[in-house]
Amino acid sequence: MTTARRADDVPGPVAVAQPDALTLPVDGGDLRGGIWRAADPGAPTVVAVHGITSNHLSWAKVARLLAGDTDRPCSVAAPDLRGRVLSAGLPGPWGLRRHAADVLAVLDHLGVQRCVLVGHSMGAWVVALAAETAPERVAGLVLVDGGVSLPLAFDHGADPDQVMTAVLGPALARLAKTYPDRDTYLAEWAAHPAFRGGLDRDQRACLMADLVGSGFAWRSSVVADAIRADGTELVVDDHVRDALGRTTGPAVLVRAARGLLDDDAVLLPPAAVDPLLAARADTSLVDAPHTNHYTVVMGEPGAVTTAGVIRDLVHATRAT
């Protein structure tokens with residue numbers, strides 16, 4: 001077992017341009033996103049998967065740090081999952097298994113035989129499912145504030161819609177709202193406890209990418225039915241919830257120290273993590289100080305920690 005450690009310092013990057021477009025055919029149409037390319041064409045590639053209502057631009061800070069590293073660079077490919085932003089037009093059926101298949105299609109499209117997969121929040125379960133499906137394609141996993149499920153105190157016969165209202169109510173309410181302008185939408189996010197310091201350029205770009213509309217009617221592009229289906233699996237599907245336990249190979253959990261609402265209520269509590277660490281010698285935990293569930297990838301300190309963990313795992317697995 002490897003105990004938790006803190007990662008505060010990693011080397012800074014050189015300048016990296018905006019991501020290139022990532023477009024590949026999948027069942028039902030084109031999966032789209034972005035790829036931040038390292039200057040070295042021989043640099044390894046990692047595939048990064050966003051959270052339940054987010055998009056590929058949530059990885060901008062992490063990806064620039066990795067692609068621009070002067071010592072051990074990595075290219076970062078990040079799709080928008082079907083039902084989200086650039087991939088919003090892709091049809092269902094939804095579900096994390098479908099997303100995992102799409103992630104493996106990204107590897108095929110890029111000609112990557114084996115790599116480290118990274119997932120944030122719901123994306124952590126997606127990459128764990130991909131690793132279970134095709135273990136020979138996955139060198140290791142980085143699971144950022146997700147991927148480990150706690151036992152739930154509810155009847156598995158409960159109505160899924162009621163469960164989703166309880167678990168994802170605020171997110172679903174936001175998806176149903178119409179905003180008079182983009183500034184109003186950003187102001188709502190700026191008031192969120194996770195962003196109490198205000199929104200920086202990358203965070204604004206990620207949030208703005210989600211908006212569609214014109215004039216006085218703007219709304220989220222995220223397909224609410226996709227969120228309900230994916231969220232239901234995360235709550236009631238034990239196969240999805242326990243995917244990490246069926247994978248092999250190294251995995252690193254990155255824990256945001258200040259939880260979902262910047263209040264110290266971590267989403268990877270010891271009750272969930274400690275048994276996993278005890279059972280798996282190749283799994284470790286890294287605490288990301290001064291971060292919450294959002295800023296662990298979208299904020300500067302969190303991106304530094306997360307990028308450092310990814311970089312270390314990529315190069316450790318390449319050496320084996």
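Predicted model: local features only at pLDDT ≥ 70, side-chain atom pairs only at ≥ 80, totals over all residues.
How many bridges join β6 to strand β7 (residues 138–144)? There are 6 of them, and the two strands run parallel. Here, two strands pair if DSSP finds at least two bridges between them. Helices (H or I, at least four residues) and strands (E, at least two) are DSSP runs, numbered from the N terminus.

Residues are numbered from 1 along each chain as its sequence is written, and side-chain values use heavy atoms, with hydrogens and water left out.

Taken as a whole, the protein chain has 11 helices and 11 strands. Of its 320 residues, 56% count as buried, with buried meaning under 20% relative accessible area, exposed over 50%, and partly exposed in between (1.4 Å probe, protein chains only). Contact means heavy atoms within 4.5 Å. Among contacts between residues at least 6 apart in sequence, 73% join residues at least 24 apart.

Back to β6, which covers residues 115–120 and is mostly covered: 6 of its 6 residues are buried. V118 is a handy landmark, being the bridge partner of A48 and standing opposite V142 in β7. From β6 the chain crosses through helix α3 (residues 122–133) to β7, and this β-α-β crossover is right-handed. That label applies if, with the strands pointing away from the viewer, the path from the first strand over the helix to the second runs clockwise.

What about the nonpolar interior? A nonpolar core is a set of buried Ala, Val, Leu, Ile, Met, Phe, Trp, Tyr and Cys residues joined through side-chain atoms within 4.5 Å. The largest one has 52 residues, and V47, L96, L117, L141, L244 and L253 touch the most other members. Helix α3 gives the largest share of this core, 9 residues. Not counting residues up to four places away in sequence, L117 touches V47, V103, L107, V127, A130, V138, G140, L141 and V142. Apart from this core lies another, of 46 residues, among them W36, C74, V144 and L186.

The buried residues of α7 include A226, I227, D230 and L234.

Over in helix α6 (residues 201–209) sits Q203, which is buried with a relative accessible area of 5%. Leaving aside neighbours within four places in sequence, Q203 is in contact with F195, G198, M298 and G299. Q203 and M298 are 95 residues apart along the chain, yet their C-alpha atoms are separated by 6.5 Å.

A cis peptide bond, with omega about 5 degrees, joins G92 and P93, and P93 is found in the loop between β5 (75–79) and α2 (96–110). In the loop between β10 (251–256) and α9 (270–279) lies D262, a residue other than glycine with a positive phi, near 60 degrees. D262 is buried, with a relative accessible area of 13%.
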